[in-house]
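The following paragraphs lead through one protein structure, taking single residues and their surroundings in turn. Please keep the sequence and the coordinates at hand while reading.

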Amino acid sequence: MSILTLNADLHSHSTISDGVLTPAALAERAKANGVDVWALTDHDEVSGVAAARAAAHELDMGFISGVEISITWAGKTIHIVGLNIDENNPDLIAGLAKTRSGRERRAQDMAADLASKVGITGSFEGALKYVGNPDLISRSHFARYLVEIGAAPSVSDVFKLYLAEGKPGYVPHRWATLAEAVSWIRGAGGAAVVAHPGRYDLSPLAFDSFFREFKEYGGIAIETVTGSHTVDQYDEYTKIANQYGFLVSRGSDFHSPEDAEVDIGKLPLLPKFSKPVWENWLSA
């Protein structure tokens, strides 16, 4: 098996953030789907990493510790994945705690908006039914509740109708800065990776500024083959990675069997001209 044909899924979520499977159950699903190397990257939280590592070890599956940090850049929310981190690093833990703060207030405001603007009441309490970690209530939990009550047929439709920017349930939150997120990841010995760049509504000029700033802070990779990218974007963002001198990463961004765009472990392989972020770790 070559480094490019390795089934590495380095972006997934458990009940510790907004996924529906525990770290152990997620490890079992990854193994069953043929994953060779797996990373748990819960939102702004690393408390599931130890359980995930233990489960992967039991299954004889490679494991890379990870996290996904929410940042605000130019008024937009962007996600930065940290891979191969020391999840016990005190500065990282403190930074993530700071980033998590304010989520409950934001969730209360989202519920108030949904009630006043479209007449959907009780959404905060409904979302809480889907929350594994009360510190990490998110739009995904609201989306599952809105599907439950028939407000939309699917989670993706909920986001389009209610929870995306400009929609009645959208409430912005001030996350970490790009400099903070990359600093925390690097300080914990990890690699900073831009998650699913194809999802962000940025102009080519803004993307250029963002990628250059990310690199200046010490970011080294972007996700290219990921669950929310189209087939055309796999090659597009691999070319962009090469243009800026970035390595590439691959991950399904799996949250739930019911609303996954791609199941964990079921992504296509990286394009042939890729330089994987995991190459040095695994060869070492």
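Ile-3 counts as partly exposed, because its relative accessibility is 28% and the range for that class lies between 20% and 50%. The model is a predicted one. Ile-3 belongs to the segment before S1. Leaving aside its neighbours within four places in sequence, Ile-3 is in contact with Pro-276, Trp-278, Glu-279 and Leu-282. The separation along the chain is also stated for a further pair: Ile-3 and Lys-275 are 272 residues apart in sequence, yet their C-alpha atoms are 9.2 Å apart in space.

The segment before strand S1 (8–9) also holds Asn-7. With a relative accessible area of 11%, Asn-7 is buried, because the limit for that class is under 20%. The side chain of Asn-7 makes a polar contact with the side chain of Arg-250, at 2.9 Å.

Which residues have the most contacts inside the largest nonpolar core? They are Leu-10, Trp-38, Ile-69, Ile-71, Ile-80, Phe-210 and Phe-211, in a core of 66 residues. Strand S3 (residues 62–73) gives the most to this core, contributing 6 residues. Apart from this core lies another, of 19 residues, which includes Ala-107, Met-110, Ile-120 and Val-131.

Two residues call for a remark on backbone geometry. Most residues other than glycine have a negative phi. Asn-84, however, has a positive phi, near 60°, although it is a residue other than glycine. Asn-84 is placed in the loop between strand S4 (76–83) and helix H3 (90–100), and at 32% relative accessibility it counts as partly exposed. Asp-253 likewise is not a glycine and has a positive phi of about 60°. The loop that holds Asp-253 runs between strand S7 (247–251) and helix H11 (279–283). Is Asp-253 buried or exposed? Its relative accessible area is 12%, and Asp-253 is therefore buried.

Helix packing can be followed at H6 and H7. Two packed helices are described by the angle between their axes and the distance between the axes. For helix H6 (residues 139–148) and helix H7 (residues 155–163), the angle is about 105° and the axes are 9 Å apart. H6 and H7 are therefore roughly perpendicular to each other, as the angle falls within the range of 65 to 115 degrees. On the side of H6, the residues that take part are Arg-139, Ser-140, Phe-142, Ala-143, Arg-144, Leu-146 and Val-147; they meet Val-155, Val-158, Phe-159, Tyr-162 and Leu-163 in H7.

The loop between H7 and helix H8 (178–187) contains His-173. At 14% relative accessibility, His-173 counts as buried. Its side chain reaches the backbone oxygen of Ser-101 at 3.5 Å. Not counting residues up to four places away in sequence, His-173 touches Thr-72, Thr-99, Ser-101, Gly-102, Arg-103 and Arg-106.

Ser-101 itself is found in the loop between H3 and helix H4 (103–118). Ser-101 counts as partly exposed, at 45% relative accessibility. A polar atom of the Ser-101 side chain lies 2.6 Å from the backbone oxygen of Lys-98. Between the C-alpha atoms of Ser-101 and Val-248 the distance is 31 Å, with 147 residues separating the two in sequence.

Val-248 is in turn one of the residues in contact with Ala-241. Ala-241 lies in helix H10 (residues 231–244), and it is buried, with a relative accessible area of 0%. Leaving aside neighbours within four places in sequence, the contacts of Ala-241 are Ile-222, Phe-246, Leu-247 and Val-248. The C-alpha atoms of Ala-241 and Lys-272 are separated by 13 Å, and the two residues are 31 residues apart along the chain.

How values were computed: Residues are numbered from 1 along each chain as its sequence is written. This is a predicted model: local features need pLDDT of at least 70, side-chain atom pairs count only at pLDDT 80 or more; totals for chains, interfaces and linings use all residues. Side-chain values use heavy atoms; hydrogens and water are left out. A nonpolar core is a set of buried Ala, Val, Leu, Ile, Met, Phe, Trp, Tyr and Cys residues joined through side-chain atoms within 4.5 Å. Buried means under 20% relative accessible area, exposed over 50%, partly exposed in between (1.4 Å probe, protein chains only). Helices (H or I, at least four residues) and strands (E, at least two) are DSSP runs, numbered from the N terminus. A polar contact is a pair of N or O atoms within 3.5 Å; within protein, one must be able to donate a hydrogen and the other to accept it, and residues adjacent in sequence count only if both atoms are side-chain atoms. Axes are lines fitted to C-alpha atoms, for helices over the stretch in contact, and angles run from 0 to 180 degrees between N-to-C directions. Angles under 35 degrees count as roughly parallel, over 145 as roughly antiparallel, 65 to 115 as roughly perpendicular and the rest as oblique. Contact means heavy atoms within 4.5 Å.
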